[in-house]
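Here are some notes to read alongside the model. Each point takes up one part of the fold.

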Amino acid sequence: RSTLAPGDVVLCHDTGPLIHPALYHPGTVESYRHAYGKIARIRPGVVFVSNWSRDSFVSLYGSDFRFLTTIPLYVRSELFEGPAEPVDGLAPPFILTVGAFETRKNQTTALRAFRDGGFHRRGVRYVLCGSRGAGHEEIVELARTVPGVRILDYVPDAELRWLYGNAEAFLLPSLLEGFGMPALEAAYMGLLPIVSAGSALVEAVDGVCFEVPPGDPAAIANAIDAALARSPAEKAATANRLRTMAAAFTKARFLSRWRDLLMSNGTGGAAERTGNRKPTSA
């Protein structure tokens with residue numbers, strides 16, 4: 001509904017409804033087509049939250065825009081400040097998924113991997129928490145049939161801190177992500193992410209993760225097994241790498257990159273205009 005001019009800057013989180021329309025409501029797909037069609041006609045500057053989203057955009061509309069650049073999101077560090085409160089009736093070891101219950105998050109495949117891997121018989125539980133989204137009925141119905149699974153709704157920050165701090169691994173074999181904030185939050189807490197190969201989730205944690213094919217429950221089960229089999233020393237080393245990496249995703253760096261872009265009148269550099277350069281740290 002808004003007016004768009006060539007001198008404007010558009011923030012693009014993802015192109016999901018355009019590249020995977022079957023995962024979204026038809027009305028959402030139509031809205032995206034209308035909005036992105038306008039962007040494609042006007043060719044303004046575009047900022048992306050990940051290189052994955054930028055590359056997806058370029059595959060649809062090319063790179064002939066005023067500029068195309070990536071400014072990653074930042075960790076909400078205040079989430080991890082304060083006391084941690086255990087979730088009633090839950091004790092380690094457990095695998096954790098944080099994210100809306102949606103078809104695109106692929107929790108059904110993760111649940112089948114946990115079930116087929118027989119982890120419950122080894123005393124391991126699987127905890128999933130998040131809001132209810134499109135397709136949540138199928139996810140919840142399957143979860144009720146899998147022993148050792150605990151479904152939580154929205155949890156307060158104190159409980160979320162405890163979940164991130166006590167899980168054995170973070171699991172999200174999502175079919176589509178524009179950035180991957182839950183995986184970055186897990187990394188900030190030193191929790192090993194198990195995520196979809198080649199996705200924005202891998203980019204969000206700078207490749208410090210286990211990559212799995214999202215449609216393969218057996219491969220996901222193998223990754224869970226490998227995560228559980230790590231020695232204390234291996235867990236500590238990985239946790240240190242993850243925390244160091246995630247600590248760089250600060251609000252100050254995020255604001256600095258936006259400030260630099262806007263102070264240059266949003267023109268972007270030659271490298272950003274082609275969309276081929278991975279931005280360096282501010």
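1. The buried residues of H9 are Ala219, Ile220, Ala221, Ala223, Ile224, Ala227 and Leu228; buried means under 20% relative accessible area, exposed over 50%, and partly exposed in between, with a 1.4 Å probe and protein chains only. These buried residues pack against strand E4 (94-98), H4, strand E7 (169-172), strand E8 (193-196), strand E9 (210-212) and helix H10 (232-246). Contact here means heavy atoms within 4.5 Å. Helices (H or I, at least four residues) and strands (E, at least two) are DSSP runs, numbered from the N terminus.

2. This is a predicted model: local features need pLDDT of at least 70, side-chain atom pairs count only at pLDDT 80 or more, and totals for chains, interfaces and linings use all residues. Residues are numbered from 1 along each chain as its sequence is written, and side-chain values use heavy atoms, with hydrogens and water left out.

3. H9 has 12 residues and reaches 16 Å from its first C-alpha to its last, close to the 16 Å expected at 1.5 Å a residue. The expected span is 1.5 Å times one less than the number of residues.

4. Ala219 lies in helix H9 (residues 217-228). Leaving aside residues up to four places away in sequence, Ala219 touches Val212 and Pro213.

5. How do H4 and H9 pack? Helix H4 (residues 107-116) and H9 pack at an angle of about 65 degrees, with their axes 8 Å apart. Axes are lines fitted to C-alpha atoms, for helices over the stretch in contact, and angles run from 0 to 180 degrees between N-to-C directions. On the H4 side, Thr109, Arg112 and Ala113 meet Pro217, Ile220 and Ala221 of H9.

6. An open sheet of 6 strands runs in the order E6-E5-E4-E7-E8-E9, with parallel pairing. Two strands pair if DSSP finds at least two bridges between them. The edge strands are strand E6 (149-152) and E9, each pairing on one side only. Within this sheet, E7 and E8 pair in the parallel sense over 3 bridges, and Leu172 stands opposite Val195 in E8.

7. Another open sheet has 3 strands in the order E1-E2-E3, again with parallel pairing. Strand E1 (9-12) and strand E3 (67-70) are at the edges with a single partner strand each, so one side of each is left without a neighbour in the sheet. E1 and strand E2 (residues 45-48) pair over 4 bridges, and Leu11 stands opposite Val47 in E2.
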